[in-house]
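Keep the sequence and the model open side by side as you read.

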Amino acid sequence: MPASSLTLTARERLVVALDVPTAKEALAMADRLSGRVGMLKLGLELFCAEGPSFVKELQARVPVFLDLKLHDIPTTVRRALDALLRLDPRLVDVHAQGGPAMLEAAVEAVHAHRAAGGQTELLAVTVLTSLDREALAALGHAGQPEDLVLAYAKLAHQAGCDGVVCSAWEASAIRQACGEGFHRLTPGIRPTGAATQDQARIMTPAQALKQGSTWLVVGRPITHAADPAAAAEAIVAEMLS
Ligand code: C5P
């Protein structure tokens with residue numbers, strides 16, 4: 001069984017978004033960060049380019065969050081997850097928007113995997129931050145995006161998911177509604193003084209932890225740093241400050 005979020009060290013809470021274009025660059029980054037961070041987040045772009053065997057190579061260096069955001073009918077998601085879980089990533093995710101039956105099918109797949117000795121935990125993506133109030137209205141959702149985030153988090157919790165991907169700004173409300181044991185993985189983290197790049201609603205590592213983030217996703221402040229290992233160490237130190 002995976003460890004409780006309460007026992008995670010600051011280092012284990014740091015997830016680095018590996019948004020680099022090639023396997024060669026990704027593996028070089030993984031070698032530099034091995035032992036210094038909790039996980040590497042591998043997205044669709046690199047997975048489509050390099051395939052499942054590359055996940056194994058990466059995971060030999062650092063635990064992997066396979067961020068593929070699955071979203072389909074329940075049977076298809078279940079079967080896709082059964083295949084992905086052979087790689088035994090540390091985390092996988094699906095879209096909460098797939099609805100209760102799809103989430104339950106995903107939970108079944110992950111529970112069967114864990115019963116067989118696997119380590120993977122399942123997160124649900126709440127609302128993409130690229131969808132603002134206007135975009136949600138066009139999709140037929142009235143009201144504030146935060147309300148939809150909370151509704152999706154509750155749905156994921158009820159279905160048996162292990163946590164959600166959300167903004168650190170929503171972590172506190174989700175912790176309150178779903179409990180401490182339901183993880184919150186939060187992108188949009190910037191160390192004090194770092195460039196915000198294209199992120200709009202950012203938080204520092206210490207603020208995000210205080211707000212109830214279980215895992216903090218940091219990309220460019222580490223991967224674009226002259227010394228990525230030192231940048232990761234500085235963020236771990238900032239989490240502890
Ligand atoms: O470089 P940066 O720290 O901004 O990278 C953040 C990572 O988290 C990227 O991989 C981005 O796609 C992802 N992400 C995000 N906001 C979300 C969901 C995912 O920034 N709401």
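## Helices α2 and α12

The crossing of α2 and α12 is right-handed. Bear in mind as you look at this pair that the model is predicted. Helix α2 covers residues 23–33 and helix α12 covers residues 228–240. Their axes come within 8 Å of each other and cross at roughly 50 degrees, so α2 and α12 count as oblique to each other.

Which residues of α2 meet α12? On the α2 side they are Met29, Arg32 and Leu33, and on the α12 side they are Pro228, Ala229 and Ala232. Sorted by class, this contact of α2 with α12 has five nonpolar residues, no polar ones and one charged one.

## Helices α8 and α9

Now for another helix pair. As a reminder, two packed helices are described by the angle between their axes and the distance between the axes. Helix α8 (residues 145–159) packs on helix α9 (residues 168–178) at an angle of about 40 degrees, and the axes are 10 Å apart. An angle like that makes α8 oblique to α9. The crossing of α8 and α9 is right-handed.

To trace the contact, pick out Glu146, Val149, Leu150, Ala153, Lys154 and His157 on α8. Their counterparts on α9 are Glu170, Ala173, Ile174, Ala177 and Cys178. By class, the contact of α8 with α9 comes to seven nonpolar, one polar and three charged residues.

## Around valine 107

Valine 107 sits in helix α6, which runs over residues 100–115. Is valine 107 buried or exposed? Its relative accessible area is 7%, so valine 107 counts as buried, the cut-off for buried being under 20%.

What does valine 107 touch? Leaving aside residues up to four places away in sequence, valine 107 touches Leu122, Ala159, Gly160 and Cys161. Take leucine 122 from that list: leucine 122 and valine 107 are 15 residues apart in sequence, and their C-alpha atoms are 7.1 Å apart in space.

## The cysteines

Cysteine 48 comes out exposed, because its relative accessibility is 61% and exposed means over 50%.

How many disulfides turn up in the whole structure? A search finds zero. For cysteine 161, the nearest cysteine sulfur belongs to cysteine 178 and is 10 Å away; a disulfide would need the two sulfurs within 2.5 Å, so cysteine 161 is in no disulfide.

Some backbone background first: most residues other than glycine have a negative phi. Lysine 69 has a positive phi of about 45 degrees, although it is not a glycine. You'll find lysine 69 in strand β3, residues 64–70. With a relative accessible area of 29%, lysine 69 is classed as partly exposed.

Aspartate 88 also has a positive phi, near 45 degrees, and is a residue other than glycine. Where is aspartate 88 found? Look in the loop between α5 (74–84) and β4 (91–95). Its relative accessibility is 24%, so aspartate 88 counts as partly exposed.

How values were computed: Residues numbered from 1 in each chain as written. Predicted model: local features only at pLDDT ≥ 70, side-chain atom pairs only at ≥ 80, totals over all residues. Heavy atoms only, no water. Axes fitted to C-alpha atoms, helices over the stretch in contact; angles between N-to-C directions. Helix = DSSP H or I, 4+ residues; strand = E, 2+ residues; numbered from the N terminus. Parallel < 35°, antiparallel > 145°, perpendicular 65-115°, else oblique. Left-handed = near helix turned anticlockwise from the far one by under 90°. Contact = heavy atoms within 4.5 Å. Nonpolar A, V, L, I, M, F, W, Y, C, P; charged D, E, K, R; others polar. Buried < 20%, exposed > 50% of the residue type's maximum accessible area, 1.4 Å probe, protein only.
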